[in-house]
Amino acid sequence: MSGESPAEVIAKAAKAAFEASQLIPSSERVRALQEIRTELEAAKDAILAANRADLEAAQKEVDAGRMSGSLLKRLDLTKGDKWDSMLQGVADVAALPDPTGIVSYANELDDGLELYRVSCPIGVLLVIFEARPEVVVNIAALAIKSGNAAILKGGKESNETSRLLSQAIQAALSKTAISSTYIQTIQTRAEVSALLSLDRYIDLVIPRGSNSLVSNIQNNTRIPVMGHADGLCSVYIDESADVKKAVRVVVDSKTDYPAACNSAETLILHENVLSTIWPEVAKALLAADVQLLCDEPSLAALRALSPAPPNLASHVQPASPDAYTTEHLSLTLSVKTLPSLGGAMQWINAHSSHHTDSIVAEDARAAAAFCRGVDSAGTFVNASTRFADGFRYGFGTEVGISTGRIHARGPVGLEGLVTYKYMMRSTDAQGHVVGEFGVGAGKKAYKHRKFAAAAVPF
């Protein structure tokens, strides 16, 4: 319509598509996901060719110092099993139970008057992310399965890949009863800025990316924002730790995918492991080409080693104060020594981003205290921080990771993309009115009898 901005046209179309979809059966949403997987498989060669073109352009930006190497790594859709995992994620989401229509509370207020609390979609999601083009597919799958419409904005570095992924999704939706505007992609920052003001149409913003991206969005919208600004994850080696477990957990947490938000950025040592476990962990990290930024006790312990690791001088440096609040996103690890488990928990709570933190310990009481005392979305025992992921949790995939405390926390899968509404039905011949209830002659009292219900019976 005349007078409407392009952003408003997009947002209104998304809201209309969402509202129309509420009467579409869940079986049609599953069919849409199956069609998306088929379209992606058919378009694989073209999509990966576009991804290679994006990678070549991004490499030039890295060489010129205008883009980080970690961002470049996130862009690569051909790396390892990324493509196959993306497709499997669509299939896994399709196979998950429908998260909508679930009754979590049922109460008979009076004879013939029943109240139900029922899960339902949030509405229209605006998801903004950097690099990682597979996020287009991950979020589209979760949005469709959970009954939410979505507007997606990837980084400019993945424009060509995201465009072809979006085309495949649009082609798949055109074969179903779901509107093709149910999942839309946008390309420019100007569109994002305009959409952030449209709280009439957009119900939730989910940013995935750098601290500056998330903070900027949080400061420039009235729409609720779900996400996390940093991934400052840590591993704590307790005095009761097993050395082999410590080596495996720490090395995997740091090196499996250093550019990920669930990669460990800080290693915390109980002071009693400085001469026992720490040297073995340090040797393994140095062998994996990890740069260590050490405090004085951990640095002194390494300099006392004989023979010294061959790359000690080049890979071990004193830590500056800001090393412990930096998301390195590379093969760099900050190391801190503390005198007790209690001190470690206090330090993590003061310095972490409340994402995911792990303890390596054989003492069950220490492990239990850590899991309860550390205020993070994920607290692990003898397990890599890299497990903090929706796919690994069995969610099929994830829309992102939330470090907030309201609504959703940790990896956000289908359950984090639904809210609830209350439905009430009177089967009385005359209906029910509030005026009949109260205290005194002729007034009725509420029964408030809770009962079990798997679904709303109407």
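Asn382 is placed in the loop between strand E13 and helix H16 (390–393), where helices (H or I, at least four residues) and strands (E, at least two) are DSSP runs numbered from the N terminus. The model is a predicted one, in which local features need pLDDT of at least 70 and side-chain atom pairs count only at pLDDT 80 or more, while totals for chains, interfaces and linings use all residues. Residues are numbered from 1 along each chain as its sequence is written, and side-chain values use heavy atoms, with hydrogens and water left out. The phi angle of Asn382 is near 55°, a positive value in a residue other than glycine. With a relative accessibility of 24%, Asn382 counts as partly exposed; buried stands for under 20% relative accessible area, exposed for over 50%, and partly exposed for values in between (1.4 Å probe, protein chains only).

A positive phi of about 55° is also found at Leu329, again not a glycine. Leu329 belongs to the loop between strand E10 (316–318) and strand E11 (332–338), and its relative accessibility of 18% makes it buried. Most residues other than glycine have a negative phi, and most peptide bonds are trans. The peptide bond between Ser306 and Pro307 is cis, with omega about 0°. Pro307 is part of the loop between helix H12 (296–303) and helix H13 (312–315).

A further loop residue, Pro97, lies between H5 and strand E1 (103–110). Pro97 is exposed, at 65% relative accessible area. When residues up to four places away in sequence are not counted, Pro97 touches Lys145 and Leu414, a contact being heavy atoms within 4.5 Å.

For the chain as a whole, the secondary structure amounts to 16 helices and 17 strands. The C-alpha trace spans about 90 × 60 × 35 Å along its principal axes. Of the 458 residues, 52% are buried. Contacts between residues at least 6 apart in sequence join residues at least 24 apart in 74% of cases.

The buried residues of helix H15 (residues 364–373) are Ala366, Ala367 and Phe370. These residues cover an arc of only 100° around the axis, which puts them on the same side of H15; the arc is that of the directions from the helix axis to the C-beta atoms. The buried residues of H15 pack against E7, helix H14 (341–351), strand E12 (356–360) and strand E13 (378–381). Exposed residues Ala364, Arg365 and Arg372 are carried on the face of H15 turned away from its buried side.

The chain has 44 positive and 51 negative charges, whose mean positions are 2 Å apart. Lys and Arg count as positive and Asp and Glu as negative, with His and the chain ends not counted, and the place of a charge is taken as NZ of Lys, CZ of Arg, CG of Asp or CD of Glu. The whole structure contains 23 salt bridges, each defined as a side-chain nitrogen of Lys or Arg within 4 Å of a carboxyl oxygen of Asp or Glu.

One of these salt bridges joins the side chains of Lys82 and Glu134 (3.7 Å, N to O). Lys82 lies in helix H5 (residues 82–95) and Glu134 in helix H6 (residues 134–146), so the pair ties together parts that are 52 residues apart in sequence. Both Lys82 and Glu134 are buried. Another salt bridge is formed by Asp199 and Arg222, with the closest N and O atoms 3.0 Å apart. This pair links distant parts of the chain, 23 residues apart: Asp199 is in the loop between helix H8 (189–195) and strand E6 (204–208), and Arg222 in the loop between helix H9 (211–218) and strand E7 (233–237). Asp199 is partly exposed, at 34% relative accessible area, whereas Arg222 is exposed, at 66%.

A salt bridge within a helix is formed by Lys283 and Glu280 (3.7 Å, N to O), both in helix H11 (residues 277–287) and three residues apart, about one turn of the helix. Lys283 is partly exposed at 37% relative accessibility, and Glu280 is partly exposed at 37%. Salt bridges that share partners also join Glu108, Asp111, Lys447 and Arg449 into one network.
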